[in-house]
Amino acid sequence: MPRDISDEEMVEKTLRSIEKEYGYVPMVNQVLSERPDLFLPFVSINRSVFYGKARLDKKVRHLAAISAAAALGAEHCLTVQMQLAVKYGATKDEILESMQIGSVISMTRSQATAFRRYKEMFPE
């Protein structure tokens, strides 16, 4: 009868698989791995989003992540997602376009907030 794997063993196994995929363990994973109750569900959700059953292929999913990372200014996420997008076939131009989309959305989000306050102050 096989024994149950402990949370600590599962964390170590998961960290090794992350390092194999990325070439290193991102800081967020390093910190969260100290709390298996947070880390293991976090990794599970990430794997489902990027590698689970989906209508979008892996390249497109990573390009979407690039766009979101650009919009949020998530520098380290941007680096990881760019590397993975290339791994799954994204071109330099596709990556640049994804960044531009995120940047425009970020700009218009800040404009919408600022311009609403402006219109409240100067309703005419």
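User: Is Phe 122 buried, partly exposed or exposed?
Analyst: Partly exposed. This is a predicted model, and in it Phe 122 has 48% relative accessibility. The cut-off for exposed is over 50%, so Phe 122 counts as partly exposed.

User: OK, zooming out. What secondary structure does the protein chain have?
Analyst: Six helices and zero strands. From the N terminus on, the order reads α-α-α-α-α-α.

User: Is the chain a compact globule or more spread out?
Analyst: More spread out. The radius of gyration is 19 Å. For 124 residues the globule rule gives 14 Å, and the chain is well over that, so it is more spread out than a compact globule.

User: What does the C-alpha trace span along its principal axes?
Analyst: About 75 × 35 × 25 Å.

User: How much of the chain is buried?
Analyst: Buried residues are 26% of the 124. The chain exposes about 9200 Å². Carbon and sulfur atoms supply 60% of that area.

User: And what share of the contacts comes from residues 24 or more positions apart?
Analyst: 50%, counting contacts with a separation of 6 or more.

User: Switching to Asn 29. Where is it?
Analyst: In helix H2, which covers residues 27-32.

User: Which residues does Asn 29 touch?
Analyst: Leaving out residues up to four places away in sequence, Asn 29 touches Leu 15, Ile 18, Phe 39, Phe 42 and Val 43.

User: Back to rings. How many aromatic pairs are there?
Analyst: Four aromatic pairs. One of them is Phe 50 with Tyr 51. Their ring centres are 6.4 Å apart and their planes sit at 50°, so the pair is tilted.

User: How accessible are Phe 50 and Tyr 51?
Analyst: Phe 50 is buried, with a relative accessible area of 13%. Tyr 51 is partly exposed at 28%.

User: What about the rings of Tyr 118 and Phe 122, how are they arranged?
Analyst: Tilted. The centres of Tyr 118 and Phe 122 lie 5.3 Å apart, with the planes at 50°. Planes under 30 degrees apart would count as stacked and over 60 as edge-to-face, so the rest are tilted.

User: Which residues form an aromatic cluster?
Analyst: Phe 50, Tyr 51 and Tyr 88 form one.

User: Last one, charges. How far apart are the mean positions of the positive and negative charges?
Analyst: 6 Å. The chain has 17 positive and 16 negative charges.

Definitions and conventions. Residues are numbered from 1 along each chain as its sequence is written. This is a predicted model: local features need pLDDT of at least 70, side-chain atom pairs count only at pLDDT 80 or more; totals for chains, interfaces and linings use all residues. Side-chain values use heavy atoms; hydrogens and water are left out. Helices (H or I, at least four residues) and strands (E, at least two) are DSSP runs, numbered from the N terminus. Contact means heavy atoms within 4.5 Å. The radius of gyration is taken over C-alpha atoms; the globule rule is 2.2 Å times the number of residues to the power 0.38. Buried means under 20% relative accessible area, exposed over 50%, partly exposed in between (1.4 Å probe, protein chains only). Accessible areas come from the Shrake-Rupley method with a 1.4 Å probe; for residues, only the protein chains shown count as cover. Lys and Arg count as positive and Asp and Glu as negative; His and the chain ends are not counted. The place of a charge is taken as NZ of Lys, CZ of Arg, CG of Asp or CD of Glu. Rings of Phe, Tyr and Trp (its six-membered ring) pair if their centres lie within 6.5 Å; planes under 30 degrees apart count as stacked, over 60 as edge-to-face and the rest as tilted.
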